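Hi,

Here is the structure I promised to pass on. Have a look first, and my notes follow below.

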Amino acid sequence: MLLYTSPGCPDCAAVRRYLEEHHVAYEERDVTAPGVAEEAKSRYGVRVAPITVIGCEALWGTFAHQKPRLDELLTKP
């Protein structure tokens, strides 16, 4: 799992907390670091944080927007 975040982003913090509460390991990338926003844009079509990548699926937008799909993806058998 991959999580693109930015410093001070409340939705990024909410996704991070959600993943930690569900004991989901993830790699975090800061979109303010050189080249990371461009990487996100080229791979997923967006450069705003948070972007949550699970397998081949990328989710972006607010935590409230991502949460229903996160629930589905993380509770699949």
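Rings of Phe, Tyr and Trp (its six-membered ring) count as a pair if their centres lie within 6.5 Å, with planes under 30 degrees apart called stacked, over 60 edge-to-face and the rest tilted. Searching the whole structure that way turns up 2 aromatic pairs.

Before the details, some housekeeping. This is a predicted model, so to speak of local features I need pLDDT of at least 70, side-chain atom pairs count only at pLDDT 80 or more, and totals for chains, interfaces and linings use all residues. Residues are numbered from 1 along each chain as its sequence is written, and side-chain values use heavy atoms, with hydrogens and water left out.

Now the pairs. The rings of Y4 and Y44 have centres 5.9 Å apart and planes at 65°, so this one is edge-to-face. Y4 sits in strand β1 and Y44 in helix α2, so the pair ties together parts 40 residues apart in sequence. (Helices, H or I with at least four residues, and strands, E with at least two, are DSSP runs numbered from the N terminus.) Y4 is buried at 0% relative accessible area, while Y44 is partly exposed at 21%; buried means under 20%, exposed over 50% and partly exposed in between, using a 1.4 Å probe and protein chains only.

The rings of Y18 and F63 have centres 5.7 Å apart and planes at 55°, so that pair is tilted. It links helix α1, where Y18 lies, to helix α3, where F63 lies, 45 residues apart. Both Y18 and F63 are buried.

Those two also turn up in the largest nonpolar core, which has 11 residues, including L3, Y18, I54, F63 and L73. By nonpolar core I mean a set of buried Ala, Val, Leu, Ile, Met, Phe, Trp, Tyr and Cys residues joined through side-chain atoms within 4.5 Å. The largest share of this core, 4 residues, comes from α1. A second, separate core has 10 residues, among them Y4, V31, V36 and A37.

What about α2 (36-44): which of its residues are buried? They are V36, A37 and A40. Just after α2, G45 has a positive phi of about 85°.

On the strand side, β3 and β4 pair antiparallel over 4 bridges, where pairing takes at least two DSSP bridges between the strands. They make a hairpin with 2 residues between them, and G55 in the turn has a positive phi of about 60°. T52 has L59 in β4 as its bridge partner.

Last, the charges. With a salt bridge defined as a side-chain nitrogen of Lys or Arg within 4 Å of a carboxyl oxygen of Asp or Glu, I count 8. E39 and R29 meet at 2.3 Å, N to O, while R43 and E39 have their closest N and O atoms 3.6 Å apart. R43 and E39 are both in α2, 4 residues apart, about one turn of the helix. E27, R29, E39 and R43 are linked in a network of salt bridges. Elsewhere, R69 bridges to E57 at 2.7 Å between the closest N and O atoms. R69 lies in α3 and E57 in β4, so the pair ties together parts 12 residues apart in sequence.

Cheers
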